[in-house]
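Thanks for coming. I will go through one protein structure, starting with its overall build and ending with its charged side chains.

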Amino acid sequence: TGYLTVSREIVMGGSTIGALTLLDNMIGIKKARTFALSMLFIAVAISMGLIYAVIAPLQRVISGPILSLSDAAERISREQDFSLRAEKQGNDEVGKLVEAFNSMIGHIEKRNMELMVSEERFRTLVDQAVDGFFLFDPDGVIVDINQQCCKILGYSREELLSGMSIYDIEKEDGSTRTGDGLFAGIEHSGPITRETVHRRKDGTSFPVELRLGILKIGGYSYVMGVARDISERHEAEVEKRQLGAQLQQAQK
């Protein structure tokens, strides 16, 4: 056991006259095998070290900028701050990718600024209007108003947008109480104009000419109303009727 045995018979004149047996304890082979395994292990270790030495700089050159770009994109998305930019770390393909990303963010920032300016201009224009503008959903809940509307009704913007509906300011119930019926009617017939009475926060009321139409925003439909205070018109009509009555009386 543990020995390498090699046997061979010795034949002479057709007869076996003996046998030759060689025994080897394989110490040399074991040493050679151990040496070979040691060299193999050393070679593998050196190869791994070389590979790591080559990969580590590549990781810094490739993975580092990509991770930096990913972090920048996540931060911009989280903070919605399109003035941020990803850091360019080279002029290779990854660097060109960073340039393209920064260019895209620059265009988005420009579009956002243009949109903000446009919205501010529109809001200023609407707030400066002499009529009250308001937007409400199919249930009648007010979702937006202009400053003139607040001034006419005596409510703050926060109060009107805290869940109040068009029915809270309508003194006359009438068709506006039908909700969906009014909404459907406008969708089928187009914008409508009618006279109604609005109620202020202090309980006083005043006549208004109300123009209603459908406005679609972001896939949702709303009703946009333009309310004009026609108190002076009503007073003029009353005076005209009174004057007419006086003239008729004088003629009699």
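A contact here means heavy atoms within 4.5 Å. In this protein, 39% of the contacts with a separation of 6 or more are between residues 24 or more positions apart. What you see is a predicted model, where local features need pLDDT of at least 70, side-chain atom pairs count only at pLDDT 80 or more, and totals for chains, interfaces and linings use all residues. Residues are numbered from 1 along each chain as its sequence is written, and side-chain values use heavy atoms, with hydrogens and water left out.

The protein has six helices and seven strands; these are DSSP runs, numbered from the N terminus, with helices (H or I) of at least four residues and strands (E) of at least two. Of the 252 residues, 25% are buried. Buried is under 20% relative accessible area, exposed is over 50%, and partly exposed is in between, with a 1.4 Å probe and protein chains only.

Now the charges. There are 10 salt bridges, each a side-chain nitrogen of Lys or Arg within 4 Å of a carboxyl oxygen of Asp or Glu. In one of them, Glu 79 pairs with Arg 75, with the closest N and O atoms 3.3 Å apart. The two are separated by about one helical turn because they sit four residues apart in helix H1 (residues 27-79). Arg 75, Arg 78 and Glu 79 are linked in a network of salt bridges.

Another bridge joins Arg 233 and Glu 209, at 3.4 Å between the closest N and O atoms. Arg 233 is in helix H6 and Glu 209 in strand E6 (residues 205-217), so this pair ties together parts 24 residues apart in sequence.
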